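Open the model in your viewer and have the selection panel ready. The tour goes from one selection to the next.

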Amino acid sequence: MKRFIGFVRKEFYHIYRDKRSLFILFGMPIAQILLFGFAITNEINKVEIAILDHAKDATTIEIIHKMASSKYFSINRYLDAESQVEGVFKQGKIKAVINFEKDFGEKLIKEGQSTIQVIADATDPNTANSITNYIQAIIQQYNQSINNNQAGSSQVFMQTHMAFNPEIKSVFMFVPGVMTIILMLVSAMMTSISITREKELGTMEILLVSPLKPFQVVLGKVVPYILLSIINAIIIVLLSIFIFKMPVQGSLILLGLESVLFIITSLSLGILISTIAETQQTAMMISLMGLMLPVILLSGFIFPISSMPLPLQLISNTIPAKWFIIIIKGIMLKGVGIAFIWKETAILIGMTLFFMGVSIYKYKIRLE
Amino acid sequence: MGISLDNISKSYKGFKAIQNISFEVKPGELFGIIGPDGAGKTTLFRILTTLLVADSGTASVAGMDVVKDYIGIRKSVGYMPGKFSLYQDLTVEENLQFFATIFGTTLEENYDLIKDIYEQIEPFKTRRAGKLSGGMKQKLALCCALIHKPKVLFLDEPTTGVDPVSRKEFWDMLKRLQEKEITILVSTPYMDEAALCDRVALMQDGQLLEIDSPKHIVQKYPKAVYEIGAKERHKLIQVLRDFPNLYSVYPFGEFVHYTDKRTDLEIPELENYLKSKGLSEIYIGLTEPTIEDVFMELARK
Amino acid sequence: MSEENVIKVVELTKKFGAFLAVDAISFEVKAGEIFGFLGANGAGKTTAMKMLIGISKPSSGEASVAGFDVYTQTELIKKNIGYMSQKFALYDDLTVRENITFFGGIYGLSRSTIKEKIKVLVADLKLENIIDQLVGALPLGWKQKLSFSVSLLHDPKIVFLDEPTGGVDPITRRQFWEMIYHAADKGTTIFVTTHYMDEAEYCDRVSIMVNGKIEAMDRPKRLKEQYEASNLNEVFLQLARNSNPE
């Protein structure tokens with residue numbers, strides 16, 4: 001055990017003394033979160049919308065008034081028919097059309113529900129998303145106000161339609177995505193590089209020709225990075241909560257445990273890479289090309305998986321990041337508990353065991 | 001407690017790195033493996049330090065089999081690999097402490113063994129290893145390899161890239177370690193270092209050319225070696241190649257080394273021949289063969 | 001050997017801050033001479049050589065190489081010298097022919113000249129079987145002989161060799177020195193930097209640098225007589241011992 005602690009201490013010296021990597025390690029998540037955050041959460045202000053009111057009754061006028069009086073929207077014009085919608089979008093000025101169904105107010109009273117359709121111009125997906133979110137908020141407020149005044153449970157439902165780009169996903173997607181990339185990068189790339197560095201220096205030969213057991217060497221390499229990755233995960237979550245007001249709906253403990261699981265998955269991938277790669281350069285290339293690109297392209301972080309061709313959808317199943325993104329999205333955005341994500345968790349555990357098994361099988365007690 | 005190899009062979013992807021190597025190193029011996037790059041020295045070291053498994057043959061170190069008892073060997077040998085460069089970002093002291101810890105010992109426990117060497121680098125103990133000169137790095141590396149008081153010490157090309165002063169100091173240190181009953185196997189591409197070993201094995205292209213003490217090796221050289229000098233060095237070699245009784249001619253420092261097919265070479269005869277070819281400032285003298293002469297003669301065969 | 005001096009160095013100095021890396025060295029090298037420039041690691045020989053080949057500006061002093069000034073005519077110097085070191089060799093993933101063509105091109109040789117040079121090299125070095133092989137697959141000795149030939153492609157007046165024969169087997173090393181003698185015989189000046197004293201024994205004249213200064217300079221034979229030593233290694237050790245290491 002003393003040997004092992006000595007080994008871990010040495011690893012911390014390496015990390016601490018390499019100021020540049022240390023800066024990248026902690027600077028990168030902050031920079032990425034801020035970049036993605038400010039690029040995506042551009043608040044909307046006086047966005048021009050159009051109204052298509054088939055009912056024209058007291059209720060619709062009240063809702064329209066609420067929208068008009070908010071600082072977010074400005075009503076540009078009233079339309080008469082659905083056929084006009086495409087035309088106004090093509091002019092480009094109007095970003096959304098609010099469509100009230102026929103007999104809107106009457107239905108709300110008699111049937112207890114009526115529907116507003118929000119048609120957003122999704123060529124600018126971020127704005128489109130923001131618009132629907134804000135309108136949703138206005139409608140929710142309205143629902144609360146009518147239900148407080150009247151005993152019955154009447155509700156206005158909102159139906160969204162994204163014109164031109166129906167696959168648009170949630171705006172808060174970026175936090176789970178960035179968190180996944182950072183954890184993957186720090187854990188897999190840093191461990192594989194630090195193991196291959198010993199091979200390049202020739203010190204791996206000495207470590208092998210010593211009473212240290214190979215698994216102690218690997219574990220000693222991994223422990224510091226587990227700690228660093230956990231710190232990184234905490235930084236990312238704090239940033240998104242306090243700077244971007246991103247709500248964490250679910251349990252923080254569950255989020256923490258799942259993150260640790262994913263860190264271990266990435267670390268075992270990193271060890272696997274280092275059993276293949278002989279130099280730091282190869283380790284870095286494999287990590288970047290083999291891990292980063294699939295995470296960015298195929299995990300659903302940027303491109304929605306459901307719109308990918310089938311072969312790519314199948315491949316995306318083999319990417320641990322995809323499952324982790326589903327898990328943390330569930331916890332952070334939907335507030336779900338383990339009951340809803342046990343399948344994804346099980347898949348991650350399975351992958352981790354597989355990577356570890358292969359690494360142990362491939363790990364050499366000798367040089368060949 | 002020495003080292004023994006019996007018919008060891010090893011190939012990589014069809015390339016025969018070493019072939020049928022057998023020799024014994026006696027306990028307490030300072031044994032040198034002398035050969036150029038690519039001779040198979042590093043492969044041999046890696047087999048003995050249990051890092052590689054030979055394709056055929058058996059070997060033992062300190063009485064333990066290199067395959068079956070690799071764990072035992074790893075506990076009792078010290079090893080300095082060829083391109084070993086320590087942890088550049090750790091200080092001298094931290095490097096030493098690290099190696100002490102992984103071998104389950106402390107700096108204090110075996111201090112007497114490394115005292116001589118460590119005292120030379122102690123003034124720099126808070127300096128990072130990367131900032132040390134080449135000679136000091138070698139000393140630190142040797143300390144690290146000795147910290148657990150190994151029975152057998154493997155040093156793979158410890159003096160490559162090191163200047164003459166540090167090389168001399170390094171060999172002096174090895175001599176002192178030998179007095180402490182440590183068996184030392186050292187490899188080098190420099191023929192002049194052979195003379196510093198008790199016994200040497202000359203190696204080329206994966207094969208052993210000769211094993212003996214450096215003294216015996218040169219004594220066995222069958223021919224008289226003449227050193228010949230002339231003002232026109234390049235022409236001298238060309239002209240000697242045309243001499244009918246030539247056996248071999250090689251540039252050798254400021255002279256060339258010449259051997260004759262006959263045993264009764266008359267110096268004046270050769271001198272006249274050289275003069276007749278237009279060479280000037282001719283010098284011919286008998287000289288002692290060196291390890292390099294022997295090596296070339298053996299490699300020719 | 002003609003009496004023309006192709007390298008002239010007077011009081012050449014290089015300072016890094018307060019540290020005198022090269023301390024007012026002076027020497028001359030004649031055309032066709034094999035000059036050994038010796039010193040321990042950190043004695044300043046690499047710094048001095050960098051000034052001579054025009055990649056480092058001297059702090060003070062004068063020097064000319066192949067007739068060109070090291071302060072103002074570095075581009076002309078680079079055109080008129082060749083350089084070979086163990087670290088800088090040929091490209092392993094190109095064939096011998098491709099390497100020669102590439103390096104010939106760098107020095108502005110015409111296609112026809114390069115073809116002619118390849119023909120001569122194939123004949124001189126017996127390259128028929130390896131000319132179209134990848135350099136990476138060749139033994140170390142071959143690589144070194146080839147990279148020396150490549151450094152001579154553009155017929156430079158001076159070739160700088162940095163530890164040229166470390167690690168090669170004794171026979172190949174001697175073939176290498178024969179190539180050097182041959183080049184020197186044709187008038188090329190050979191400037192060898194090394195800290196292996198047995199390499200130095202082959203030079204016509206050597207200088208030994210200690211702590212930035214040239215402490216000794218003469219023919220190897222005379223140095224050995226002067227210091228009553230049997231080889232240059234002992235000469236070197238005596239000189240180095242007089243100065244305090246580290």
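**Before you start**

This is a predicted model: local features need pLDDT of at least 70, side-chain atom pairs count only at pLDDT 80 or more, and totals for chains, interfaces and linings use all residues. Residues are numbered from 1 along each chain as its sequence is written, chains are lettered from A and ligands numbered from 1 in the order in which they are written, and side-chain values use heavy atoms, with hydrogens and water left out.

**Stop 1: chain A, coloured by confidence**

The mean for chain A is 81, and 89% of its residues reach 70 or more. Now pick out the elements; helices (H or I, at least four residues) and strands (E, at least two) are DSSP runs, numbered from the N terminus. Helix α10 of chain A, residues 252-276, has the highest mean pLDDT of the chain's elements, 91. Helix α2 of chain A, residues 19-40, has the lowest, 74.

Next, select residues 166-171 of chain A. There pLDDT stays under 50. The model still gives this stretch 14 contacts beyond four places in sequence, a contact being heavy atoms within 4.5 Å. Where pLDDT is low, the predicted coordinates should not be read in detail.

**Stop 2: the domains of chain A**

Colour chain A by domain; the bounds come from an automatic or database domain assignment. Domain 1 takes 2-39 + 171-362, and domain 2 takes 47-163. Their C-alpha centres lie 43 Å apart.

**Stop 3: where chain A meets chain B**

Show chains A and B together. Of the 2 pairs of chains that touch, this pair has the most contacts. The interface joins 27 residues of chain A to 33 residues of chain B. About 2,900 Å² is buried between them, 61% of it on carbon and sulfur atoms. Buried area is the accessible area (1.4 Å probe) that two parts lose on being put together, summed over both.

Now look for charge pairs. A salt bridge is a side-chain nitrogen of Lys or Arg within 4 Å of a carboxyl oxygen of Asp or Glu. This interface has 2 of them. In one, R46(B) meets E205(A) at 2.7 Å, N to O.

Then display the polar contacts: pairs of N or O atoms within 3.5 Å, where within protein one must be able to donate a hydrogen and the other to accept it, and residues adjacent in sequence count only if both atoms are side-chain atoms. Chains A and B have 9 such residue pairs, both at pLDDT 80 or more. On the chain A side, α1 (2-17), α7 (174-201) and α8 (203-208) each supply at least two residues. The largest share, 8 residues, comes from α1(A).

**Stop 4: inside chain B**

Select domain 1 (3-219) and domain 2 (225-300) of chain B. Their C-alpha centres are separated by 38 Å. The contact takes 13 residues from domain 1 of chain B and 8 from domain 2 of chain B.

The two domains of chain B bury about 890 Å², and carbon and sulfur atoms give 84% of that. Select M191(B), L209(B) and V218(B): they supply 58% of the area that domain 1 buries against domain 2, more than any other three residues.

**Stop 5: where chain C meets chain B**

Bring in chain C. Its contact with chain B takes 31 residues from chain C and 32 from chain B. About 2,800 Å² is buried, with 57% from carbon and sulfur atoms. R174(C), E178(C) and Y181(C) supply 22% of the area that chain C buries here, more than any other three residues.

How many salt bridges are there between chain C and chain B? The count is 5. Zoom in on E292(B) and R173(C), a salt bridge whose closest N and O atoms are 3.8 Å apart. On the chain C side, α6(C) gives the most, with 8 residues.

**Last stop: chains A and C**

Note on methods
pLDDT = per-residue confidence, 0-100.
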